[in-house]
Structure formats: C-alpha cells, structure tokens
Amino acid sequence: MKILEYGYYDISSNDAEVKENITKAVALSTDVVSVLPGYLRVAKNILKNTDTILSTVIDYPFGTSCLQARKEETENALKCGAKIIELVAPNHSLCNKKYDRFRKDINEQKTLCDRYDAELRYIVDYRTYTEYMLFKICSMVAAHQVDTIYPSNNYMLDNIVDNLIASMMIAKKIPYINVIVNGNAWNEKQINLILNTDKIYGYKTNNILTLENLSKNCV
C-alpha cells in the first residue's frame, strides 16, 4: 500500500473536534487528510508545517449540483488551501448519458486545479452505476489525465469486500488509473484483509481507530 488517507466528514463537529481528529491523523503519518470544505481553514492551520496533504470533497456526497456550482465550490476550496480536490462524479449528467457534459466538467475542473497547482480526483460510486457505466466513466476520467479515483462516496456503510472487488475490477480493466480503496473496515479481520491485499494502491478510512491499526502495521 503506497498511500494511507483519512477522511473527516462529521457534519456535527465544532472546530475543537475537527482539530482533535486531524491532529491525531497527522501524528499517525497519514499521507492525506480530507475534510469538508467548511473545515478547510481549520485543517490548513494544523497541516501547514507537516508533510500531510490537505484534500477536500466537492459536491459531496451525491454529485447533484450543476456544473457551474461545482466549479465555484472547487475554486473556493482551492483558495482555502486544498491541494487535492475529490470531486463526486456528476450523477445527473451520467445517469442521463450526457457524456459531453461530463467531459466538460472534467476539462473545466482540471484546468482550475492546474491553475492552483492542485490535483484533481474523481469519486465514482460503484453502487450507483452498472459495471459497463463504471468502466466507461473511469476510462473518460483517465483519458483527461486524472490519475486517481475513489470507488465509493462512502456516505453510507460500504462493505469492504464489495469495495475491494470493485476496486480490483477497475484496476484490472483500466491499469493506468490509481484506485484508492475506501470501504469501511471496523474489525481485525477486515483490517487484515486490507493489509494482505498487496495490489491495493491506497486506502482511505473515516475511522480514526482503523487508521491507528493500519498505521502501526504499515510502518
């Protein structure tokens, strides 16, 4: 596993709780910390003297905003210090097979991220699309020089086995794209499954205890 990431998306948190959880994640040598856009300013202050990269999710969790609103949210996040943009695939456009709109979304978002020297990634939820659509979407993303995707929005419980299967399928079908597994892992058996799957490029968790267990075993 090359990358270990932590996502903190608790909408009920105050600034003190955000600081506490992000500080814990940094202490565990986490490569990337991802937060909601509203938490970026707090997170930036914590990460400014560390090697941990600041990331945020855009149009989270369902990808239902119009393309202009998505652009505005991305630009605001970049101005607040995000160095990775995790953009939920525009589900309305894709479910209606409006692929030109999706290509426009990728082009405009990639141009915006390049302007701020930031990385663009897409969240393509495998539970939303057919297998054919999933591969098609990931292929279009990769064709626009976006190198990394997440296979789930992880908004609701996501079985780690299903997530791993989807991730391995995408990686096999589209070997030139990086897939960061992000299904829920709660117990020792599930954590060992992640650790013992050597083809995993990276793993992202929303649970600080899972992060602690993985960090110990990845050192």
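Biologist: Which residue in E2 does Tyr 6 stand opposite?
Modeller: Val 33. Keep in mind that this is a predicted model.

Biologist: In what sense do E1 and E2 pair, and over how many bridges?
Modeller: Parallel, over 4 bridges. E2 covers residues 32-35.

Biologist: And which residue in E8 is the bridge partner of Tyr 6?
Modeller: Thr 205. E8 spans residues 202-205 and pairs with E1 in the parallel sense, over 4 bridges. Tyr 6 therefore has a partner in E8 and one in E2, as two strands count as paired once at least two bridges join them.

Biologist: How many E1 residues are buried?
Modeller: 6 of its 6.

Biologist: Which residues sit on which side of E1?
Modeller: Ile 3, Glu 5 and Gly 7 are on one side. Leu 4, Tyr 6 and Tyr 8 are on the other. Both faces are covered.

Biologist: Why the every-other-residue pattern?
Modeller: Because side chains in a regular strand alternate between the two faces of the sheet.

Biologist: Let's step back along the chain. Where does Lys 2 lie?
Modeller: In the segment before E1, which runs 3-8.

Biologist: Is Lys 2 buried or exposed?
Modeller: Exposed. Its relative accessible area is 66%, and the cut-off for exposed is over 50%.

Biologist: What is Lys 2 in contact with, leaving aside its neighbours within four places in sequence?
Modeller: Asp 31, Ile 200 and Tyr 201.

Biologist: What share of the contacts in the whole chain join residues at least 24 apart?
Modeller: 67%, counting contacts between residues at least 6 apart in sequence.

Biologist: New topic. How many helices and strands in the protein chain?
Modeller: 9 helices and 8 strands.

Biologist: What about the radius of gyration?
Modeller: 16 Å. A compact globule of 219 residues would come out near 17 Å, so the chain agrees with that. The C-alpha atoms fill a box of roughly 45 × 35 × 30 Å along the principal axes.

Biologist: What percentage of the residues count as buried?
Modeller: 53% of the 219. The accessible surface is about 10700 Å², and 49% of that belongs to carbon and sulfur atoms.

Biologist: Last one: how many positive and negative side chains?
Modeller: 26 positive and 26 negative. The centres of the two sets lie 5 Å apart.

Definitions and conventions: Residues are numbered from 1 along each chain as its sequence is written. This is a predicted model: local features need pLDDT of at least 70, side-chain atom pairs count only at pLDDT 80 or more; totals for chains, interfaces and linings use all residues. Side-chain values use heavy atoms; hydrogens and water are left out. Helices (H or I, at least four residues) and strands (E, at least two) are DSSP runs, numbered from the N terminus. The radius of gyration is taken over C-alpha atoms; the globule rule is 2.2 Å times the number of residues to the power 0.38. Buried means under 20% relative accessible area, exposed over 50%, partly exposed in between (1.4 Å probe, protein chains only). Contact means heavy atoms within 4.5 Å. Accessible areas come from the Shrake-Rupley method with a 1.4 Å probe; for residues, only the protein chains shown count as cover. Lys and Arg count as positive and Asp and Glu as negative; His and the chain ends are not counted. The place of a charge is taken as NZ of Lys, CZ of Arg, CG of Asp or CD of Glu.
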